[in-house]
Amino acid sequence: MGRWPVDARERLERAAVELFVAKGFAATTVPEITARAGLTTRTFHRHFADKREVLFAGGEFAELATRMIADAPADWKPMRVVVEGVVTVAATRFDGRREELLVRRGIIRSDAGLGERELQKWADLGRAGTAGFRARGIEPMRAALLAETAMTLLRVAAEQWLDHDTDRSLAEMVREAAAALRDEVSAR
């Protein structure tokens, strides 16, 4: 048997979110989270730097974006890389988690510091996407535009998906947003 519970991270996340909803983010302490999860504060800090990181942990999205751009077929045009990458992220990381994401969004919107932290995560993702497109040989301004377009497609589609009770997937919403963007750009 392992030294630490294998589900410690998930227990801590669940306990933290329950407390954030019940008491508010600012009023919730790490000792309260660990007590609710039946774990120690030392275990908490093994998984998270602070309680904000329960909502924003890891740089996996930035790493994922860089890897997806690098792994896309060489003959794909950059906008295809953008759309297919965002569709993949939507399908694998968001679809099936609508209720959980609504709760997370509510917690973030309730605290200005969390809103700032979310903006920082988006900025990190944008830099990673830009670097990924630069590695494909795309000049800096175009690479930045492509990365920002990917994030905009994800944010706009996700907001629409969360705001409207729909049985459509986020991946479908991303494709719809990409088509709308294509129509707007071609209408100029």
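The model is predicted. Its largest nonpolar core has 33 residues, and a search of the whole structure finds one cavity of 30 Å³ or more.

**Largest nonpolar core**

- In soluble globular proteins, nonpolar side chains tend to be buried together.
- Among the 33 residues of the largest core, those that touch the most other members are Phe-94, Phe-133, Leu-153, Leu-154, Trp-161, Leu-170 and Val-174.
- Two or more residues of this core come from each of helix H5 (60-71), helix H6 (78-94), helix H8 (112-135), helix H9 (140-163) and helix H10 (170-186).
- Helix H9 gives the most to this core, with 10 residues.

**Contacts of Trp-161**

- Leaving aside residues up to four places away in sequence, Trp-161 touches Phe-94, Leu-101, Leu-170 and Met-173, among others.
- The residues that Trp-161 touches also include Asp-95, Arg-97, Arg-98, Thr-166, Arg-168 and Ser-169.

**Second core**

- A separate core has 20 residues, including Val-30, Leu-39, Phe-56 and Ile-107.

**Cavity**

- Rolling a probe the size of a water molecule over the atoms shows where empty space is left.
- The largest cavity holds about 270 Å³ of space.
- This cavity is lined by 17 residues, of which Ala-65, Val-86, Val-89, Leu-125 and Ala-150 are the closest to its centre.
- H5, H6, H8 and H9 each supply at least two residues of the lining, and the largest share, five residues, comes from H6.
- The lining has 14 nonpolar residues, three polar residues and no charged residues.

Technical notes: Residues are numbered from 1 along each chain as its sequence is written. This is a predicted model: local features need pLDDT of at least 70, side-chain atom pairs count only at pLDDT 80 or more; totals for chains, interfaces and linings use all residues. Side-chain values use heavy atoms; hydrogens and water are left out. A nonpolar core is a set of buried Ala, Val, Leu, Ile, Met, Phe, Trp, Tyr and Cys residues joined through side-chain atoms within 4.5 Å. Buried means under 20% relative accessible area, exposed over 50%, partly exposed in between (1.4 Å probe, protein chains only). Helices (H or I, at least four residues) and strands (E, at least two) are DSSP runs, numbered from the N terminus. Contact means heavy atoms within 4.5 Å. On a 1 Å grid over the protein atoms alone, a cavity is a set of points where a 1.4 Å probe fits but cannot get out, and a pocket is an open set with protein on both sides within 12 Å along at least five of seven lines; lining residues have an atom within 4 Å of a point. Grid points are joined across faces, edges and corners, and a volume is the space filled by probe spheres set on the points. Ala, Val, Leu, Ile, Met, Phe, Trp, Tyr, Cys and Pro count as nonpolar, Asp, Glu, Lys and Arg as charged, and the others, Gly among them, as polar.
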